[in-house]
Amino acid sequence: MLEVKNLVAGYEQRVLIRNLFFYVSAPAFVAVVGHNGAGKSTLFKILTRNLPYQGEVLLNGQSLHHLANPAGSGVLSYLPQKNTVTFPIKVRDLVVMGLFRHKRFFEQYSEQDYQTVQHLLSALEIEHLLHREFTELSGGEQQLVWLAQLMLQDAAICLLDEPTQQLDIYHKKRVFNLLTNWVTEKNKLVLCITHDLVNLHGHTGYLLNLSKPVPTLEILSPEIIQENISYLEAKPHLI
Ligand SMILES: Nc1ncnc2c1ncn2[C@@H]1O[C@H](COP(=O)(O)OP(=O)(O)OP(=O)(O)O)[C@@H](O)[C@H]1O
């Protein structure tokens, strides 16, 4: 579960997130939306302990300040908006690293680990990329590969910063379906930053609009999605 109580954070003199409260427990899919600069990635910086904050953040009942290694202990995983690789690596070798938690420092990945990767890539319909060089893939293909690696990490709480940004219409729709099914099947809590509000139709979960003066978790429904689209079509109020 994730509980945020009276959260205040920002940069230097500029407060971006003020008095935010919400509570959500797995299984749940939360679409984090808002205008550019509303503070969506800032919220993720807080949750990944990359930005100081006032207030309380509890992950599975434990204060974020007291969690020694949220990624290593399987509590949290994070897929940033931009993730670069500058060395040659095959897709299967990049994805299998998602299993790092289950390995000792120098332990090799097994044939079974690679089979797990293959099954996952097949479920994501990117099995054909298995032996490709990662750096030669298109932006959208790379995004799907990162998503596979994140799913393999199997953390309880997953933060995804615009995972569908570079995807075509078919894959955007497919990734939202995959994520919401994964949430229910594997009892996950997924927070997903997105500007693709139209793709939220038909899914169960919540929406957190950080552009609103008092953001709260709103239950996804056609009316709520439309109301938030209209809200975001209007010019943002600058903080
Ligand atoms: N390190 C920093 N120092 C100062 N200001 C920052 C810093 N990082 C981000 N900001 C500012 O904070 C504001 C919120 O940034 P953030 O990245 O959280 O927005 P966002 O909602 O994720 O936007 P987008 O939809 O464009 O990705 C922006 O105005 C940004 O310029």
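I looked up R49 and found it in the loop between α1 and β4; helices (H or I, at least four residues) and strands (E, at least two) are DSSP runs, numbered from the N terminus. R49 is not a glycine, yet its phi is positive, about 60°. With 15 other C-beta atoms within 10 Å, R49 is partly exposed. For burial I use these cut-offs: buried means 20 or more other C-beta atoms within 10 Å of the residue's own, exposed means 12 or fewer, and partly exposed is in between, with C-beta atoms placed from the backbone.

I note that this is a predicted model, in which local features need pLDDT of at least 70, side-chain atom pairs count only at pLDDT 80 or more, and totals for chains, interfaces and linings use all residues. Residues are numbered from 1 along each chain as its sequence is written.

I then checked L51, which sits in the loop between α1 and β4 (54-59). L51 is also partly exposed, with 17 other C-beta atoms within 10 Å. Setting aside residues up to four places away in sequence, L51 touches A9, T42, K45 and I46; contact means C-beta atoms, placed from the backbone, within 7 Å. A9 is 42 residues from L51 in sequence, but their C-alpha atoms are 7.9 Å apart.

**Other backbone entries.** I found a positive phi of about 60° at E125, again not a glycine. E125 lies in the loop between α3 (111-123) and α4. I count E125 as partly exposed because it has 13 C-beta neighbours inside 10 Å. I also looked at the A26 to P27 peptide bond: it is cis, with omega near -5°. P27 is in the loop between β2 (14-24) and β3 (28-33). For background, most residues other than glycine have a negative phi, and most peptide bonds are trans.

**Ligand shell.** I listed the residues around the ligand: Y11, L16, G34, N36, G37, A38, G39, K40, S41 and T42. The cut-off is a C-beta atom, placed from the backbone, within 6 Å of the molecule. Helix α1 (residues 40-47) gives the most to this shell, with three residues. By class I read three nonpolar, six polar and one charged. Here Ala, Val, Leu, Ile, Met, Phe, Trp, Tyr, Cys and Pro count as nonpolar, Asp, Glu, Lys and Arg as charged, and the others, Gly among them, as polar.

**Core.** I went to the largest nonpolar core, which has 55 residues. Such a core is a set of buried Ala, Val, Leu, Ile, Met, Phe, Trp, Tyr and Cys residues joined through C-beta atoms within 7 Å. V30, V32, V190 and C192 have the most contacts inside it. Helix α4 (residues 139-153) gives the most to this core, seven residues. Domain 1 (1-75 + 156-239) and domain 2 (83-154) both contribute, so the core lies between them. The bounds come from an automatic or database domain assignment. Beyond its neighbours within four places in sequence, V32 contacts K40, L43, L191, C192, I193, L208 and L210.

I read 25 Å between the C-alpha centres of domain 1 and domain 2. Their contact takes eleven residues from domain 1 and ten from domain 2. On the domain 1 side, helix α5 (residues 169-186) supplies the largest share, four residues. I sorted that side into six nonpolar, four polar and one charged.

Notes:
Contact = placed C-beta atoms within 7 Å.
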